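Work through the following exercises with the sequence and the coordinates at hand, and try each task before reading its solution.

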Amino acid sequence: MNKKIILSALGGGVALFVIGGILFEFLLKDAMSDMIKAMGSAYNPNPNFATIALAQFILSLILAIFIYKSNVTTFMGGLTTGAWMTFLILFWFDLWMLTTFNFMTVSMAVFDTISNTIIGTLAGGVIGWIQGKIK
């Protein structure tokens, strides 16, 4: 792996973590509360933040590699690529969750796909911007 991928993945991971925290803990707190109730005992009220950060870094690394391989070097290019990649990954995951777990509903899957695609879109922009700045 090269410097562009590693540094942009780190930047994208920070963006995913921070934007996700703002979106889910503040802006969508009420909707998240309803989802948590629906999950019942499947929800972990004390998540390990190191694991969340690692998960965000892994998604960011996937985006960084794809953005790098696509020769994207701008914020707008990263937004577009990040939006498509994140949407497709989450759409697959939420369809799988909807089919596999009883607590998952269509509205939860739509909410999860849309909200996390927003986060991935912005992280993709950060990744594209960073890759454009690094020589």
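This is a predicted model: local features need pLDDT of at least 70, side-chain atom pairs count only at pLDDT 80 or more; totals for chains, interfaces and linings use all residues.

**Exercise 1.** Determine which residues make the nonpolar surface patch of about 760 Å², and which helix gives the most to it.

*Solution.* Start with the members, which are Phe75, Met76, Val106, Val110, Ile114, Ile118, Leu122 and Trp129. Next, assign them to helices: α4 (75–100) and α5 (106–133) each supply at least two residues of the patch. Finally, compare the contributions, where α5 gives the most, with six residues.

**Exercise 2.** Classify Val106 and Thr121 as buried or exposed.

*Solution.* Take Val106 to begin with, a residue that lies in helix α5; its relative accessible area is 55%, and because exposed means over 50%, Val106 is exposed. Then turn to Thr121, which is also found in helix α5; its relative accessible area is 18%, and because buried means under 20%, Thr121 is buried. To see what surrounds Thr121, set aside residues up to four places away in sequence, and the residues it touches are Gly78, Leu79, Gly82, Ala83 and Thr86.

**Exercise 3.** Identify the residues that touch the most other members of the largest nonpolar core, and list the contacts of Leu63.

*Solution.* The largest nonpolar core has 23 residues, of which Phe24 and Leu63 touch the most other members. The elements that give two or more residues to this core are α1 (3–27), α2 (29–39), α3 (49–69), α4 and α5. For Leu63, leave aside the neighbours within four places in sequence; the contacts are then Gly82, Met85, Thr86, Gly120 and Ile127.

Definitions and conventions. Residues are numbered from 1 along each chain as its sequence is written. Side-chain values use heavy atoms; hydrogens and water are left out. Patches are made of residues with over 30% relative accessible area and no salt bridge: like charges are joined within 9 Å, nonpolar side chains (Val, Leu, Ile, Met, Phe, Trp, Tyr) within 5 Å. Accessible areas come from the Shrake-Rupley method with a 1.4 Å probe; for residues, only the protein chains shown count as cover. A salt bridge is a side-chain nitrogen of Lys or Arg within 4 Å of a carboxyl oxygen of Asp or Glu. Helices (H or I, at least four residues) and strands (E, at least two) are DSSP runs, numbered from the N terminus. Buried means under 20% relative accessible area, exposed over 50%, partly exposed in between (1.4 Å probe, protein chains only). A nonpolar core is a set of buried Ala, Val, Leu, Ile, Met, Phe, Trp, Tyr and Cys residues joined through side-chain atoms within 4.5 Å. Contact means heavy atoms within 4.5 Å.
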